[in-house]
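Please read them alongside the sequence and the coordinates.

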Amino acid sequence: MKMFNFNGNILMSVVVVLVLCLSEAAVVLGKIDVRITNEIGNGYGLSIHCRSKNDDLGQKMLKGNMYAEWAFDANIWGTTLYYCDMVWQLGWGHYDVYVASRDKSRCHYNCWYSARQDGLYAYDEVNGTYSFWARWETNPSE
Ligand SMILES: *[C@@H]1O[C@H](CO)[C@@H](O)[C@H](O)[C@H]1NC(C)=O
C-alpha cells in the first residue's frame, strides 16, 4: 500500500512537470497578432475576408483608417496559415497574411499590414515602420 502511494506520487509529479512544460511552450510561442488597416484614403472602403483551416473570421467592411485584428497561437507543427481575400473599388487580391514557415522570423508578435492605393504594406517590428509588401493583384475593372 505504501509502495502504491509512492508510485502515485511519482505519477503525479510527472503529470505536474508535463503540464508545466506544455504551458511553458505556450508562453514561449506566444500569441501572434494580425492587424489589417485600411489606409487607402479618399473614403474608399476595404472589404476583407480572412480564414485559416480551422477559423473563418467572416467578411468585414473596413471604412477609412479602421482595422481588423485577431490573435492566435501558432501551432507547434509550424503549419499555421491565415489568408485574406481583400477587395476595394480599384483593386483586389488574395494574400497569405501569416505563414508560419515564412513569417516566424519576420513577425514574432505583430504581423500588421496597411492597405494603401498601390498595395499592401507590412509592418517591421524592428524598425517600427511599414514598407511596401505586395501590389494589388489586379484592377477588377481592367
Ligand atoms: C524597415 O525594415 C524593412 C525591412 O523589414 C525595410 O524594408 C525598411 O526600409 C526599413 N525602414 C526603415 C525606415 O529603416
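1. Ser47 is located in strand 2, where strands (E, at least two residues) and helices (H or I, at least four) are DSSP runs numbered from the N terminus. Ser47 counts as partly exposed because it has 15 C-beta neighbours inside 10 Å. The classes used here are buried for 20 or more other C-beta atoms within 10 Å of the residue's own, exposed for 12 or fewer, and partly exposed in between, with C-beta atoms placed from the backbone.

2. This is a predicted model, in which local features need pLDDT of at least 70 and side-chain atom pairs count only at pLDDT 80 or more, while totals for chains, interfaces and linings use all residues. Residues are numbered from 1 along each chain as its sequence is written.

3. Which residues does Ser47 contact, leaving aside its neighbours within four places in sequence? They are Gln59, Met61 and Val87, a contact being two C-beta atoms, placed from the backbone, within 7 Å. Val87 is also the bridge partner of Ser47 in strand 5.

4. Strand 2 covers residues 46–51 and its side chains alternate.

5. Strand 2 has two partners to discuss. With strand 3 (residues 56–62) strand 2 runs antiparallel, joined by five bridges; two strands pair if DSSP finds at least two bridges between them. Four residues lie between strand 2 and strand 3, and the two form a hairpin. Within this pair, Ile48 stands opposite Lys60, and Arg51 has Asp56 as its bridge partner. Strand 5 (residues 81–88) is also antiparallel to strand 2, again through five bridges.

6. These strands belong to an open sheet of four strands, in the order 3-2-5-6 and with antiparallel pairing. Strand 3 and strand 6 are the edge strands, each pairing on one side only. From one strand to the next the twist averages 15°, with axes taken as lines fitted to C-alpha atoms (for helices over the stretch in contact) and angles running from 0 to 180 degrees between N-to-C directions.

7. There is also an open sheet of five strands, with mixed pairing and the order 4-1-7-8-9. Its edges are strand 4 (67–73) and strand 9 (129–135), each of which pairs on one side only. Neighbouring strands of this sheet are turned by 25° against each other on average, direction ignored. Strand 1 (residues 31–38) pairs with strand 4 in the antiparallel sense over seven bridges, and Val34 stands opposite Trp70 in strand 4.

8. Which residues touch the most other members of the largest nonpolar core? Of its 20 residues, these are Val34, Ile36, Ile48, Cys84, Val97 and Ala115. Such a core is a set of buried Ala, Val, Leu, Ile, Met, Phe, Trp, Tyr and Cys residues joined through C-beta atoms within 7 Å. Two or more residues each come from strand 1, strand 2, strand 5, strand 6 (91–99) and strand 7 (110–116). Strand 7 gives the most, with four residues. Not counting residues up to four places away in sequence, Val34 touches Glu69, Trp70, Tyr82, Val97, Tyr98 and Cys111.

9. Asn42, in the loop between strand 1 and strand 2, has a positive phi of about 55° although it is not a glycine. Asn42 is exposed, because 8 other C-beta atoms lie within 10 Å. In the loop between strand 3 and strand 4 lies Asn65, with a positive phi near 65°. Asn65 is exposed as well, with 10 other C-beta atoms within 10 Å.

10. The ligand is surrounded by Asp124, Asn127, Thr129 and Ser131, a residue being near a molecule if its C-beta atom, placed from the backbone, lies within 6 Å of it. This shell has three polar residues, one charged residue and no nonpolar ones. Here Ala, Val, Leu, Ile, Met, Phe, Trp, Tyr, Cys and Pro count as nonpolar, Asp, Glu, Lys and Arg as charged, and the others, Gly among them, as polar.

11. For the chain overall, two helices and nine strands are present, running α-β-β-β-β-β-β-α-β-β-β from the N terminus. Buried residues make up 19% of the 142 residues.
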